[in-house]
Amino acid sequence: MAIKEKTNKQLFVDGILKENPIFKLALSMCPAVGISTSVMNGILLGTAVLFVQVCSSCTISLVRNYIHPKIRIPTYTLTIATWVTVIDLVLAAYVPVAYKAMGLFVRLIVAFAIITMRLEMFACKNPLPKSFWDGFGMGLGFMFAMMTLGFVRELLGSGMIMGYDVLGFKPLLYFVLPCAGFVTVGLMMGFFNWIEVVYERRKKG
Amino acid sequence: MNQIIKITFALTISCVIAASAMGLAYTMTAKAKKHNHHMNVYNAMIGLLGFGEDNPAPSDLKFLNVYRYIVEDGDKKFLGYMVPVEKGTEEAYEMVLIDLEGNFVEKLEVPISAEKAEEAQDRAKALQKVLAAPKIFAYADASVIATSGGKRLGYVLPRKFPGFRTFIHGIVAMDPKFELLGLEIMEHEEDAGLGKEIEQEYFRNQFKGKSYEKLKTLEVVKKPLPVEYKKYLEKSKWEEGMFTEEQIAEIRKQYKDADIYAITASTISSKAVTDGVKNVAKKFAYRIDKLDSVLKKEKIHAAF
């Protein structure tokens, strides 16, 4: 098996582009569809996921040799739940303004598939620095996807960007509803795949 | 067998570590968290009474809590009001029991300090002493009476009422004549871009200044919100010289008895909030009236 070891930088960039959690891996679709109604929501949830992903990846990577292989999934869930609770509490206590906006999202993170999947696929097999960069890239990739989705849906649904009225009217109110989330995710997925195909073709030709 | 013991042991250890991490975070943040929540509600209440940066609240402004309980004694039901009373310089609490027709039944002294009275658990403990079995009591709600210089400034009512998705937590404020001073939405789970608009000033401020008479028949109308009225309602977006004094007076007069304009595509949420406010206000006005007459008749010197 001649799989080339990825460098830290590659891991980081792959998380954002080549293995983007939403557009490429199609994981964590519930939050992508339910919450990406505005750019701000995307940024807030993205930040929270980034923190939880990095913290959990590092924790699991540190204790990877002590985890009993038969109970690794409960251990991951426990780790994620602990970090989510700690972040939830700290935010509520010391950054009440941000907590007011993201409180609901933070608690949702426990159920995100992307975090468990990264722990299972990567963090439990790799040393700390690599796991850190992988978690960081994945978190940023998730944030990037949520923001682009939020941008499209906010602009079309409410005619606003970052809460500022740019259009002055609401072109397609339907876009703020969850069902339109699926449509947007589908279209964006197609768009990103198309970019990749074009890019690969250029590289060859 | 060996496996089972190993796995059980590993899981137990992980759980203990996780639990202690969470417990540590909780104890470290509990105080600050509570303080934040308290400040949030306090600031909302101050704002609803019309005080702000350019109109500071008087230094002797006091928020007095009246806690309402449902008390059952066998098959008889009473309303129990835990009211702060004046007793020398110290604040004390008395439980005033009123039957369902509004007649005084009995009053009981509640041994609790003002500070502890704000905690639901401490209150229940103190009440257990005076309302011993077979009496059962259940907490219903708390109303806040704002006073300054011995006069009532208004009533602030933190309540929850049904919305489109789940319960909406809001604060309704009324002046002593039961005219609405305003509405603040604290927590809700309505849809973004639709029902979420109930947070917006152009919806909330429509309730401001509605008289008690109008409130009784307040309806939701499915008509577009007039542009000028919307600009007037969005107070935080006012620019200097946007409205003259006369214009403000005129708009206020024109829309004083107007119904509530529904939010586009969210008639149910609009109606839920309007009905909620209507209910809260009507019930409170009736109850405080009854309580006041009982307090007067029995010569109970309440602190408000």
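**View 1. Chain B as a whole.**
Of the 304 residues in chain B, 26% are buried. Take the contacts in chain B with a separation of 6 or more, and 59% of them link residues 24 or more positions apart.

Chain B has a mean pLDDT of 88, with 99% of its residues at 70 or more. For the complex, the predictor gives an ipTM of 0.73 and a pTM of 0.71. A word on reading such scores: where pLDDT is low, the predicted coordinates should not be read in detail.

**View 2. Where chain A touches chain B.**
Chain A puts 21 residues into the contact, and chain B puts in 19. On the chain A side, the elements that give two or more residues are α4 (72–94) and α7 (128–158). The top contributor there is α4(A), with eleven residues. Sort the chain A side by class and you get twelve nonpolar, eight polar and one charged.

The largest nonpolar core has 53 residues, and the ones with the most contacts inside it are M82(B), V156(B), V172(B) and A173(B). Helix α8 (residues 267–297) of chain B gives this core the most, with eight residues. A second, separate core of 46 residues includes L11(A), A32(A), M102(A) and W133(A). Which residues does M82(B) contact, leaving aside its neighbours within four places in sequence? They are V66(B), Y67(B), Y69(B), Y93(B), M95(B) and V110(B).

**View 3. Strands β2, β3 and β4 of chain B.**
Start with β2 (residues 76–87) and β3 (residues 90–99) of chain B, which run antiparallel and are joined by ten bridges. One residue to look for is F78(B), whose bridge partner in β3(B) is D99(B). Next along, β3(B) is joined to β4 (residues 104–110) by six bridges, again running antiparallel. Here M95(B) sits opposite L108(B) in β4(B). β3(B) and β4(B) make a hairpin with four residues between them, and G102(B) in the turn has a positive phi of about 95 degrees.

**View 4. Helix α8 of chain A and its buried glycine.**
Helix α8 (residues 178–204) of chain A has 27 residues and reaches 40 Å from its first C-alpha to its last, close to the 39 Å expected at 1.5 Å a residue. Its buried residues are G181(A), T184(A) and V185(A), and what covers them includes α2 (29–35) and α7 of chain A. Why does G181(A) count as buried? Because 22 other C-beta atoms lie within 10 Å of it. Skipping neighbours within four places in sequence, G181(A) is in contact with A32(A), V33(A), G34(A) and S36(A). The C-alpha atoms of G181(A) and V33(A) are 4.4 Å apart in space, although the two residues are 148 apart in sequence.

**View 5. A buried proline in a chain A loop.**
P21(A) lies in the loop between α1 (8–16) and α2 of chain A. It has 30 C-beta neighbours inside 10 Å, so P21(A) counts as buried. Beyond its neighbours within four places in sequence, P21(A) is in contact with L27(A), S28(A), I114(A), M138(A), G141(A), F142(A) and A145(A). Further along the chain, F144(A) is 123 residues away from P21(A) in sequence and 9.9 Å away in space, C-alpha to C-alpha.

**View 6. Two positive phi angles in chain B.**
Most residues other than glycine have a negative phi. A265(B) isn't a glycine, yet it has a positive phi of about 65 degrees. You'll find A265(B) in the loop between β10 (260–261) and α8 of chain B. With 15 C-beta neighbours inside 10 Å, A265(B) counts as partly exposed. K299(B), also not a glycine, has a positive phi of about 55 degrees. K299(B) is in the segment after α8 of chain B. Is K299(B) buried or exposed? It counts as exposed, because it has 6 C-beta neighbours inside 10 Å.

Conventions
Residues numbered from 1 in each chain as written. Chains lettered and ligands numbered in written order. Predicted model: local features only at pLDDT ≥ 70, side-chain atom pairs only at ≥ 80, totals over all residues. Contact = placed C-beta atoms within 7 Å. Nonpolar A, V, L, I, M, F, W, Y, C, P; charged D, E, K, R; others polar. Core = buried A, V, L, I, M, F, W, Y, C linked by C-beta atoms within 7 Å. Buried ≥ 20, exposed ≤ 12 C-beta atoms within 10 Å, placed from the backbone. Pairing = 2+ DSSP bridges. Expected span 1.5 Å × (residues − 1). pLDDT = per-residue confidence, 0-100.
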